[in-house]
Amino acid sequence: MKVYNNILETIGNTPLVKLNKLTKNCKATVLAKVETTNPGNSVKDRMAVKMIEDAEKNGLLKPGGTIIEGTSGNTGMGLALAAIVKGYKLICVLNDKQSKEKMDILRAVGAEVVVCPTAVEPSDPRSYYSVSKRLAKEIPNSWYVNQYDNLSNRIAHYEQTGPEIWEQTDGKVTHFVVGVGTGGTISGVGKYLKEQNPNIKIWGIDTYGSVFKKYKETGIFDENEIYPYITEGIGEDILPANVDFDVIDLFEKVTDKDAAIYTRRLAREEGIFVGNSAGAAIGGLLQLQDQLTENDVVVVLFHDHGSRYVGKIFNDDWMRERGFLEEEFKTAEDVIARHADLPLVTLYSEELVSHAIMKMRKYNISQIPVLRDGELVGSLNDSQVYQLLVDNPALRDTPISKIMQKPFPVVMGTAKLEDVAKLINEQTPAVIVERANGDKKILTRQDVIASLA
């Protein structure tokens, strides 16, 4: 029988998959090293086991001990699998930007999870670096992994991931691209590949809010570069010992938005359901594609599985709240679709101004069309009414026909948004959209802004 003795023996030998649609305009052959087939669904399984085994050999981790680590979630999963097999306890310290799925998965495999704030300095006692170190001092028979400075991290990739890539490409690989966090993957793989062929380029993907790119280019650790960012698993506000800047040829920064969008596109266009750092990696590669030729073979490493981001990257509401969801509104009909099920609120010209005020309050609206005999004959907006009442409060009991402005322009539902937007200005805060079925809806300045945000 072909049987593995335990789950740890299934780590490695992950597939290399050609990308087709996302890279169709890229001259090079682009291959994805899909690390999600590891049992913990991430590349971190490799170094987690290596760090534990080395700690055992060096007497740092003793039977029945407690493993403590600050992690973005994936290293914690790898450590959890090893802890289960080898009989250790595990405490994972995460920052609060990590997805709920990551935390829930760690708890599911028996880890204790401690959550710390993201927006604090590394030296702050509340940071996940500081909390990890403190717990390791307070808990007897414990070992602090410190994946950032534990060089077993990058050795694992030098011994495993690098040789796999070299063998799988028959030595034809010309570029290796990967997101950089602890630096273990890029430094270990990069060292091995450059030993085989010094001409191989090693490209690191960074994020805005991280220090790596500027430090590589200038040698300056610029604290002004540091600010909170959303992309998970890459970038740092420290310089981990595992990052070998001599091995890395360049860094490319990718925005949070592009990282999120490309993560979703990998799932929908390539059928590869992977995590946030994979989107950053492919986004960075595409930003650099002009440096590639048809003779190049690029390997992009995808760190982890998309299931850990279902509540964030793959959640439309989460994406929309951050302005990441690319919704294409092309016509007036597309824009009013957001409130197409709501009735058009109108006034009759014979009604009093006080009635208009009540309707604006009741429906929380700023503009109202005015009708006479079923026809649009005027309009009111809250700014106009407010100014008139400040100047003359007695106008509350005046018929709307006495103060109304000209009617809002009417456009067809098929009108292009860019043309509709030209009609809306300070004097004309809205237009009326006539739909194919004859219904009329209002389209306001706020609707246009929301559709463009």
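Which residue just after H1 takes a positive phi? That residue is Gly59, whose phi is about 75 degrees. The model is predicted, with local features needing pLDDT of at least 70 and side-chain atom pairs counting only at pLDDT 80 or more, while totals for chains, interfaces and linings use all residues. Residues are numbered from 1 along each chain as its sequence is written, and side-chain values use heavy atoms, with hydrogens and water left out.

The domain assignment, an automatic or database one, gives two entries, and the centres of domain 1 and domain 2, taken over C-alpha atoms, are separated by 52 Å.

| Domain | Residues |
|---|---|
| domain 1 | 1-327 |
| domain 2 | 332-452 |

Helix H1 covers residues 44-57, where helices are DSSP runs of H or I with at least four residues, strands are E runs of at least two, and both are numbered from the N terminus. Because its 14 residues at 1.5 Å a residue should span 20 Å, the distance of 20 Å between its end C-alpha atoms agrees; the expected span is 1.5 Å times one less than the number of residues.

H1 is mostly covered, with 11 of its 14 residues buried, among them Met47, Val49 and Ile52; buried means under 20% relative accessible area, exposed over 50%, and partly exposed in between, with a 1.4 Å probe and protein chains only. The buried residues of H1 pack against several elements, including strand S2 (29-34), helix H2 (74-86) and helix H5 (152-168), contact meaning heavy atoms within 4.5 Å.

Val85 lies in helix H2 and counts as partly exposed because its relative accessibility is 37%.
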